[in-house]
Amino acid sequence: MKQNDNRVESTLLRRINERRLLEAIQRHGPSSRAALTRVSGLTAPTVSKAVDSLLRRGLVEELEPAEQALGRPGRLVRMAAESAAVLGVVIDAGTSCVVATGLDGAVTEERTIRFATPAGYPALLDQVEEACRTLIHAGAVFVHGIGLSVPGLVNERVHEIVFSPNLHLLDKHNPARDLEARLGLPSVLVQESDALVLGEWLYGDAQGLGDFAVLDAATGLGLGVMSGGRLLAGHSGLAGEVGHVTVAPEGIRCGCGNRGCLETLATDAALARLVGEKLGRAVALDEASALLATRPADFQHEIRTVTEYLAIAIAAVINIFNPTTLFVHGTLLAGSPERFARVLERVRQRTLTAALADCTIVATKSSKRQGAVAGIIHHLTNACAPTLG
Ligand SMILES: [Zn+2]
C-alpha cells in the first residue's frame, strides 16, 4: 500500500514538473534544456526527464539551433509546431470558422476554413465536422484536440450553453461534446470572452499578467476577467455578463429578452444598426465600416452615441475589477485609432481616477481564432496536472 502511495505521488510530481515546463516554454518560446533549468528552478536531470516525457507525448519538439561561434549549443525545445496540431473552432453569428495550427498557436489564413453560420444546430455541427475533417486530412499530423469558442452563457456545472442571446441555435447544446463524439478527439467548450482572455494571455500582450480583462464589443458585449492569475468564472461560469446591465430602461429589445441592455448600445453591431436606421435599411458590419470611413460626417450622432456607451462599459469594468490592462476587442471603434482615442477621452471622465491610474487600455491584438486555439492548449496544459495555488 505504502509503495502504491509513493508511486502515485511520484507520478503526480512528474506531471506537475511537466506542466511547469510547458508553461515556461509557452511563456519564453523555444528554449534549451539549460535555459529551462534556469527558469523553472528544477534540477537538470528532472528537466531532462520531463522534456523526454513531453517529447514522447508529442506536446513539444526539438529544434536544431543556429550555428554559434563558441561552444556547442544545446538543441531548443518548443511547443510542437510541425509534428502535431490542434484545431480551433469559432462559432459566431454570421460567420464561423475552423483553423488548424501547431501547438505554438500560429494561426494562418491558409489553414482556416470559413463558412456562413447555418440557421440550425444539426447543419452547423455538420459544417464544423466537415471543416475539421478537411483540415485534419490536409495536415496529416497527430491532432491533440479541439477548442471551441462560443457566444452566450456557458454553464460549466451542467456543461452546456444555457442561453446564447445572439445565436439562439446554440441554446441547450454542447457542440464540444457532440464534436468529440463524431471525431473522437478531446474537445473543450470555451465562452468566447474567456477564449479572448486565454488568447491574449498565451499569444498577445497579456503574457505574464495576473490581473487583466478583455472587453469584446463586436457582436455582443462580452467580458472576460483574469483575476489573480485565474479566469473569473462565478458559481456556474456565468460571471462577466456586463452586456446585459440595463442602461436604457425603455430601450430596444435585447437578444436576452430585456430592454435597453448595454450591449444594444455599446458594440459594433449597435453602431451598424444605428447607421442602418439612419439610412432606412439593414446595414452589415462591412458596409457600416466603409460608410464610416467614407462619410464620417453623416454619422457623427451615431458614432457619438456608441462612443458614449462603450466608454460607460469600459469605465464599469475598470471600476469593478481594477485590472492592470484592459484589452478592447472590436472593429468600428476599437479598430480605428482616431475613434478609439475619442472613446478613451470619454472613459477618462467616467472612471474613478485611482482605478484609471492603475490601468492601461489598449485595442486587443489577438483574435477569436487564437482564443479557440488557446482554449485547447490551456486544457492540454491543465490536463498534465492540477495547478498549485
Ligand atoms: Zn440583454
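Which residue in β15 is the bridge partner of T325?

Modeller: The bridge partner of T325 in β15 is T360. Two notes on the source first. This is a predicted model: local features need pLDDT of at least 70, side-chain atom pairs count only at pLDDT 80 or more, and totals for chains, interfaces and linings use all residues. Residues are numbered from 1 along each chain as its sequence is written.

Now the strand itself. Helices (H or I, at least four residues) and strands (E, at least two) are DSSP runs, numbered from the N terminus. Strands count as paired if DSSP finds at least two bridges between them. β14 spans residues 325–329. β14 and strand β15 (residues 360–363) run parallel, joined by four bridges. β14 also pairs with strand β11 (residues 212–216), in the parallel sense, over five bridges. There, F327 in β14 faces V214.

How enclosed is β14? A residue is buried if 20 or more other C-beta atoms lie within 10 Å of its own, exposed if 12 or fewer, and partly exposed in between; the C-beta atoms are placed from the backbone. Four of the five residues of β14 are buried, so this strand is largely enclosed by the rest of the structure.

The loop that leads in has a feature of its own. N322 lies between α9 (300–321) and β14. Phi of N322 is near 50°, which is positive although the residue is not glycine. N322 counts as partly exposed because it has 16 C-beta neighbours inside 10 Å. K172 also has a positive phi, about 65°, and it is not a glycine either. K172 sits in the loop between β9 (160–163) and α5 (175–183). With 12 other C-beta atoms within 10 Å, K172 is exposed.

Next, the domains. Their bounds come from an automatic or database domain assignment. The assignment gives domain 1 (2–79), domain 2 (84–198 + 372–384) and domain 3 (205–365). The centres of domain 1 and domain 3, taken over C-alpha atoms, are 41 Å apart.

Strand β5 (residues 95–101) and β6 run antiparallel, joined by five bridges. In β6, T95 has A116 as its bridge partner. Contact here means C-beta atoms, placed from the backbone, within 7 Å. Axes are lines fitted to C-alpha atoms, for helices over the stretch in contact, and angles run from 0 to 180 degrees between N-to-C directions.

Another sheet is open, with three strands in the order β1-β3-β2 and antiparallel pairing. β1 (31–32) and β2 (60–63) stand at the edges with a single partner strand each, so one side of each has no neighbour in the sheet. β1 pairs with strand β3 (residues 76–79) over two bridges, in the antiparallel sense. S32 has L76 in β3 as its bridge partner.

Last, a helix pair. Helix α2 (residues 33–40) and helix α3 (residues 44–56) pack at about 115°, their axes 9 Å apart. The crossing of α2 past α3 is right-handed. A crossing is left-handed if the near helix is turned anticlockwise from the far one by less than a right angle, and right-handed if clockwise. On the α2 side, R33, L36, T37 and S40 meet A44, V47, S48 and V51 of α3. By class, this contact has four nonpolar, three polar and one charged residues. Ala, Val, Leu, Ile, Met, Phe, Trp, Tyr, Cys and Pro count as nonpolar, Asp, Glu, Lys and Arg as charged, and the others, Gly among them, as polar.

R33 belongs to helix α2. Leaving aside residues up to four places away in sequence, R33 touches V47, S48, V51, G74 and V77. R33 is partly exposed, with 19 other C-beta atoms within 10 Å. R33 and M79 are 46 residues apart in sequence and 13 Å apart in space, C-alpha to C-alpha.

Note on methods:
Contact = placed C-beta atoms within 7 Å.
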